There are 2 protein chains.
Amino acid sequence: VDLRVVLVASRNPLNIGAAARAMSNFGFPCLRLVNAYEVAFREAKSAVGAGAVLETAEVFGTLENAIADCRLVVGTTSASHRELKHPIWRLEQGARLIRRHAGPVALLFGSEKFGLANEDMDHCHWLLRIPTRAGHPSMNLGQSVSVCLYELIRGRGASRSKPTPSASASAEELERLTVSLLDALEKSGYLKSPTSGSMTGKLRRLIRRMNLSTRDSTLLQGMVRQILWRLGTRQD
Amino acid sequence: VDLRVVLVASRNPLNIGAAARAMSNFGFPCLRLVNAYEVAFREAKSAVGAGAVLETAEVFGTLENAIADCRLVVGTTSASHRELKHPIWRLEQGARLIRRHAGPVALLFGSEKFGLANEDMDHCHWLLRIPTRAGHPSMNLGQSVSVCLYELIRGRGASRSKPTPSASASAEELERLTVSLLDALEKSGYLKSPTSGSMTGKLRRLIRRMNLSTRDSTLLQGMVRQILWRLGTRQD
């Protein structure tokens, strides 16, 4: 997405810095500030790791100028139905519309205290709402920027996302472990010899439920083998 | 999800407050602090709107005690492969596993500077990673809490999520508008009378592309009617 994050009338340098950091985390470098306190902007530049985003941030006197080159303008709101003057999409669906859009997209965030003014919203094609709890809908500015940008990159490159690629133990490895363990349990006196079929089945299923990797199976096998050896020497 | 958010060794009262606010926003009230600076905790209590969460927050001396009653323990990390000692799931998939889990689930966040220590991670069934950019993976604490909790409630109640439910204009309304507009364009001299079929088709398609609601169609119809009336009085 060719996205510009537009902060309108942000007052708090910590919030501007936090927004910039989230932009850097999720790979959206283009920040625009409208009607920002210059002092706040200058202080924000010290935010951890957000340097590049803030260095290239652009400052505008009016919202019109800040969004002039954008082909889709989306406002954010915590209200779920602000008099129904604008179409409101939940973040999940709104993000899908933004991702599908070709042209530069402006995503607007209002001031910490009041959110976007109605006149700001009138510049928007539609509004976007993070599905917060009705009892406490209003989010911290940096957090709402984070959540919106996360939703925009959500699932991107997800095919690469696998849990640790440690190979599952083979049936042969699991069976070897099962047999060793049964042996050890017998030798230790936990099981009576000859081992009952039901107990064997119970143990076999238990080991399969553990969902062991080859590595863990090998590790356990080594432990059991050592125990077996020790049990053997004791009995001799 | 029966979730406990566990902050381990958090240092900054603003971050504790921000985490609590996100929890309130997304409806997860149970906060546990491990090894927190008491001062930071006390200061955090003044965070906007996070009062209830912080009032009921529990403080523990050790991680073991903080997670004792949990049946799934999940750590968060910004590293994408911390020596592969733990299975790591991307947030999208990890959240699905958490949602499916029955018992109390602990979601652990480490300190602002160092994240979770290796010994903390050893208490985890698996780790969860927010898919941040490789060039700048480390997120602000409050923001990463926000994003994780958002993913957990994502899509919940989404069926209720419709854009503003204003009815689309009926074909009849659109056609009435088209005819009025053609009339006005003729009377104004923009179109030559008799209007060419191709121009009529162009205008008809344009109006359909606008995707008008009944309300907007009615509004436009009123405008055109007024213009028509004015054009009529001028010509008379």
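Reader: At roughly what angle do the axes of helix 8 and helix 9 of chain B cross?
Author: Heads up, this is a predicted model: local features need pLDDT of at least 70, side-chain atom pairs count only at pLDDT 80 or more, and totals for chains, interfaces and linings use all residues. Residues are numbered from 1 along each chain as its sequence is written, chains are lettered from A and ligands numbered from 1 in the order written, and side-chain values use heavy atoms, without hydrogens or water. Helices are DSSP runs (H or I, at least four residues), numbered from the N terminus, and their axes are lines fitted to C-alpha atoms over the stretch in contact, with angles from 0 to 180 degrees between N-to-C directions. For helix 8 (residues 171-187) and helix 9 (residues 197-209) of chain B, the axes come within 10 Å and the angle is roughly 135°.

Reader: How are helix 8 and helix 9 of chain B oriented to each other?
Author: Under 35 degrees counts as roughly parallel, over 145 as roughly antiparallel, 65 to 115 as roughly perpendicular, and the rest as oblique. The crossing angle is roughly 135°, so helix 8 and helix 9 of chain B are oblique.

Reader: What about helix 1 and helix 7 of chain B: how many nonpolar residues are in their contact?
Author: The axes of helix 1 (residues 13-26) and helix 7 (residues 141-153) of chain B come within 8 Å and cross at roughly 15°, which makes the two roughly parallel. Phe26(B) of helix 1 and Leu149(B) of helix 7 are among the residues making the contact. Its tally has no charged residues, 3 polar and, for nonpolar, 10.

Reader: About how much area do chain A and chain B bury between them?
Author: Contacts link 47 residues of chain A with 47 of chain B. Buried area is the accessible area (1.4 Å probe) that two parts lose on being put together, summed over both. Here 48% of it is on carbon and sulfur atoms, and the total is about 3,600 Å².

Reader: Which residue of chain B forms a salt bridge with Glu151(A)?
Author: A salt bridge needs a side-chain nitrogen of Lys or Arg within 4 Å of a carboxyl oxygen of Asp or Glu, and the rule finds 2 across this interface. For Glu151(A), the closest N and O atoms are 2.7 Å apart, and the partner is Arg154(B).

How values were computed. Contact = heavy atoms within 4.5 Å. Nonpolar A, V, L, I, M, F, W, Y, C, P; charged D, E, K, R; others polar.
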